[in-house]
Amino acid sequence: MLDTQRLLDELVRRLSDALGEDLVSVVLYGSAAADDFQERVSDLNVLAVLAEIGERQLEQAYGPVNWWLNRKQPAPIVLSVEEIQNASDAFAIEFLDIRAAYRILHGEDLVGSIEVESAHHRHQVEHELRSLLLRLRERYLGMQKDTKALRALLTDSLPSFSTLFRHAVILDGRKTAVKKHEVFQQAAEAFGISPEPFETVLALRQGTQRIANAELRPLFLAYLQEITKMAGHVDRIDKAATAAGG
């Protein structure tokens, strides 16, 4: 298997060959760009910026992206130059995460000029937190007696809530951690929620703790309760900021 840098170099070569002058920039972001990459655990997160995105560009990108996916890596984010310049209100979370740790692999540095307004950031965090909470409730209603499905729902949903909790901590004006365990501890300190349901689900996800089937429903309900509290806290951050702004 190719090592990390050779894998990235090969992706850039394939994208460049396929897209030519349409390929404006290729950016590595996340743990690998922050020197926190762990082989066989961390993903290589890549952003590809194109001059424009139409049917031709999407077809040309198929080969390189399919090759990348076959290397067990997540699909690159593909954005146009116009979206990088004008869509920070819609992609506040994503753009802040990219900007936090990135490395240019090819072409121009368009990431450094990204500006994200705090109001847009707050709105997206609350919207996604409440949307995920609603979907979690809906799925629980139909599977609460299916312990296998319930266990999977808990562990699969945890990374998304870790991301949103981390951004809630950012909204609270604090410097955030990267590791999920530390994120949940920070959220508990900042907003007064209990970290215990998240710590238990994290241990389940990592395989370091087992839990009896009879304990899954109480765990899920505690998990839902603390997420509901977090949504309320983010809502109040938004209102406090709005009031302060006049």
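## A walk from the sheet to the helices

Let's begin inside: five of the six residues of strand E2 are buried, so E2 is largely enclosed by the rest of the structure. Buried means under 20% relative accessible area, exposed means over 50%, and partly exposed lies in between, using a 1.4 Å probe and protein chains only. Strands (E, at least two residues) and helices (H or I, at least four) are DSSP runs, numbered from the N terminus. Please keep in mind that this is a predicted model, in which local features need pLDDT of at least 70 and side-chain atom pairs count only at pLDDT 80 or more, while totals for chains, interfaces and linings use all residues. Residues are numbered from 1 along each chain as its sequence is written, and side-chain values use heavy atoms, with hydrogens and water left out.

Now look at the sheet around E2. Four strands form an open sheet in the order E3-E2-E1-E4, and the pairing is mixed. Two strands pair if DSSP finds at least two bridges between them. Strand E3 (77-80) and strand E4 (102-107) stand at the edges with a single partner strand each, so one side of each has no neighbour in the sheet. From one strand to the next, the twist averages 20°. Angles like this run from 0 to 180 degrees between N-to-C directions, and axes are lines fitted to C-alpha atoms, for helices over the stretch in contact.

What joins the strands? On one side, E2 (residues 45-50) pairs with E1 (residues 23-29) in the antiparallel sense over six bridges. You can find Ser25 bridged to Val49 in E2, and Tyr29 bridged to Asn45 in E2. E2 and E3, by contrast, run parallel and are joined by four bridges. Here Leu47 stands opposite Ile77 in E3. As a rule, the side chains of a regular strand alternate between the two faces of the sheet.

Next, find helix H4, which lies across E1, E2, E3 and E4 and runs at about 90° to E4. Helix H4 (residues 92-100) also packs with helix H6 (residues 147-171), at an angle of about 80° and with their axes 12 Å apart. That makes H4 roughly perpendicular to H6. The naming works like this: angles under 35 degrees count as roughly parallel, over 145 as roughly antiparallel, 65 to 115 as roughly perpendicular, and the rest as oblique. Ile93, Leu96 and Asp97 of H4 make the contact with Thr163, Leu164, Arg166 and His167 of H6. Contact means heavy atoms within 4.5 Å. By class, the contact of H4 with H6 has three nonpolar, two polar and two charged residues. In this scheme Ala, Val, Leu, Ile, Met, Phe, Trp, Tyr, Cys and Pro are nonpolar, Asp, Glu, Lys and Arg are charged, and the others, Gly among them, are polar.

Another helix pair is H7 (residues 180-191) and H8 (residues 196-206), which pack at an angle of about 170° with their axes 10 Å apart. H7 and H8 are therefore roughly antiparallel to each other. Lys180, His181, Phe184 and Gln185 in H7 meet Phe198, Glu199 and Leu202 in H8. The buried residues of H8 include Phe198 and Leu202. Just after H8, Gly207 takes a positive phi of about 80°.

Which residue has a positive phi although it is not a glycine? That is Lys72, with a phi of about 65°. Most residues other than glycine have a negative phi. Lys72 is found in the loop between helix H2 (55-69) and E3, and at 69% relative accessibility it counts as exposed.

Two leucines show how parts of the chain come together. Leu19 is in helix H1 (residues 4-19) and counts as buried at 5% relative accessibility. Leaving aside neighbours within four places in sequence, Leu19 is in contact with Leu50, Gln57, Gln60 and Ala61. Leu19 and Gln60 are 41 residues apart in sequence, yet 6.2 Å apart in space, C-alpha to C-alpha.

The other is Leu224, in helix H9 (residues 216-244), which counts as buried at 10% relative accessibility. Not counting residues up to four places away in sequence, Leu224 touches Leu133, Leu136 and Arg137. Leu133 and Leu136 are among the buried residues of H5.
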